[in-house]
Amino acid sequence: MLRYLYGDELSAYPKLAGGMFRDRAYQFRTRMGWDVHVDENGEERDNYDVLNPLYVIWEQADGSHGGSMRFLPTTGPVMVNEVFGHLLDGAPLESLLIWECTRFCLGRDGGARAAAALMLGGGELMTGFGIRHFVGVFDARMERIYRAIGSSPEVLGAEGAGRDRISVGLWDFSEAARGRVAARAGVSPQLSRLWFQRAFGRAQDAPFSRCA
Amino acid sequence: MVKRNQLDRILEALDATGTLEQLDEIILGLRDAYGVAHLVYHWVDSAGDQYGCGTYSDAWRQRYLDQNYVRVDPVVAGCFQRFHPVDWKRLDWTGKAVKAFRLEAAEYGLGNQGYSIPIRGPNGQFALFTVNHSCSDEAWTKFIEAHGRDLILIAHYFNQKALEFEPGRVPEAAQALSPREVDAMTLLALGYSRAQVADSLSISENTLRVYIESARFKLGALNTTHAVARAMSRGLIVV
């Protein structure tokens, strides 16, 4: 299932959260060779994890980490502006309606299904919170994965070539894309919506209605 | 229905505001423009100090402070450390203290519906921008669908203003537009369509939307026309 957890909620899911930070270490350091910080438990964290970001996590049937990504609004400190600003346009991208998506990570047996489920989760955030775009940083391998699940970002700027190419890109989300990624994830749009509503609270009686 | 140019005028006034007192007037104008019961900006800093402006009655404000309701209010608890907008229906209104708080709020004239936008400012600053109203769930859902995005932007512009008024604060340099943003706004000001602008800049319309979105935000505008007008009046683009 898809979980939506702020940083301060992760401690309630130690297996899931630990798996996420370890899979991040594997993906970003071991596999891609990025210069990221891995602690003595083999978990990768950076300066943005302490800002209480919102994580969208694909949890597998046994409770383990299948894939995840991390969101922060571009009005605060974000990687695309602070680290990859030179790939953009010389001035920061900034809007409450544009969120940054980083650390898109797939578990070792997550695969394309997990990637599609995460995209579906991203779509829920956009629809549910009025967000217009996600902006994010990704490498050549992820570019292929995004293409394979039918959710290619639009590249705003890039550096490096071939396998080492790093890009800043942009996603938006349409109803058509929602159906497509839902089918690839093997999750019905209704179920996905239910997970989203569960995470952010269910609609109940209007709070004051009985005394209004 | 909210009139576009009315909103633009109010945001112009917000931009020109130099004192906290004027914020009250502006928020009143916005409340009337939206035709809702209440509109409130509420700042809670890390030391627990509070500042607010809006249309709640003085009696309710005083009661809220006297009773230290900031510790009980599920809206504050539900928005703190978050950055997504929250419909009050989705908060936890159970618990004895919360139920009593809710009953009392209604006595002081609060409506049954609420939508609060959390704002994270610099150095742990936290604020809420809330719209409150009395209506059915269906009507409320429609209202939020129609105005939610604008309210998110207005919330942010209010917070920027409130930050400016903070004692001892060094004013930040005006947000610069990036070269692409300047190009896009200039071509729009010249009357080009979005498709023509995208074509002229050799970018897709999708990418263009992001530049416009970001420029609009930096300019404190709700729509593209308003953003173009502002960019011109501030001399950021020359046509």
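How many residues lie between S2(A) and S3(A) in the hairpin that they form? There are five, and Gly63(A) in the turn has a positive phi of about 85 degrees. Please keep in mind throughout that this is a predicted model.

Strand S2 of chain A spans residues 54–59, and six of its six residues are buried. Leu54(A), Val56(A) and Trp58(A) point one way from the strand, while Tyr55(A), Ile57(A) and Glu59(A) point the other way.

On one flank, S2(A) pairs with S1(A) in the antiparallel sense, and Leu2(A) stands opposite Trp58(A). S2(A) also pairs with strand S3 (residues 65–73) of chain A, again in the antiparallel sense; here Tyr55(A) has Arg70(A) as its bridge partner. Further along, strand S5 (residues 133–139) runs antiparallel to strand S7 (residues 166–171) of chain A, with Gly136(A) opposite Gly169(A).

| Strand pair | Sense | Bridges |
|---|---|---|
| S1(A) and S2(A) | antiparallel | five bridges |
| S2(A) and S3(A) | antiparallel | six bridges |
| S5(A) and S7(A) | antiparallel | six bridges |

**The whole sheet and chain A**

These strands belong to an open sheet of seven strands in chain A, with the order S1-S2-S3-S4-S5-S7-S6 and mixed pairing. Its edges are strand S1 (2–6) and strand S6 (154–159), each of which pairs on one side only. On average, neighbouring strands are turned by 25 degrees against each other, direction ignored.

Chain A has seven helices and seven strands in total, and along the sequence they follow the pattern β-α-β-β-α-α-β-α-β-α-β-β-α-α. The radius of gyration is 17 Å, close to the 17 Å that the globule rule gives for 212 residues, so chain A is as compact as a globular protein of that length. Its C-alpha atoms fill a box of roughly 60 × 40 × 35 Å along the principal axes. Buried residues make up 45% of the chain. Of the contacts in chain A with a separation of 6 or more, 66% are between residues 24 or more positions apart.

**Two packed helices**

At what angle do H4(A) and H6(A) pack? Helix H4 (residues 111–129) and helix H6 (residues 175–185) of chain A meet at about 145 degrees, with their axes 8 Å apart, and the crossing is left-handed. Among the residues that make the contact are Ala116(A), Leu120(A) and Gly123(A) of H4(A), together with Val181(A) and Ala182(A) of H6(A). By class, the contact has nine nonpolar residues, one polar and three charged.

**Chain B and the interface**

Now for the partner: 40 residues of chain B are in contact with 34 residues of chain A. On the chain B side, H9(B) gives the largest share, seven residues. That side comprises 16 nonpolar, 13 polar and eleven charged residues.

Just after H10(B) comes Gly235(B), with a positive phi of about 75 degrees.

Notes
Residues numbered from 1 in each chain as written. Chains lettered and ligands numbered in written order. Predicted model: local features only at pLDDT ≥ 70, side-chain atom pairs only at ≥ 80, totals over all residues. Pairing = 2+ DSSP bridges. Helix = DSSP H or I, 4+ residues; strand = E, 2+ residues; numbered from the N terminus. Axes fitted to C-alpha atoms, helices over the stretch in contact; angles between N-to-C directions. Contact = placed C-beta atoms within 7 Å. Nonpolar A, V, L, I, M, F, W, Y, C, P; charged D, E, K, R; others polar. Rg over C-alpha atoms; globule rule 2.2 N^0.38 Å. Buried ≥ 20, exposed ≤ 12 C-beta atoms within 10 Å, placed from the backbone. Left-handed = near helix turned anticlockwise from the far one by under 90°.
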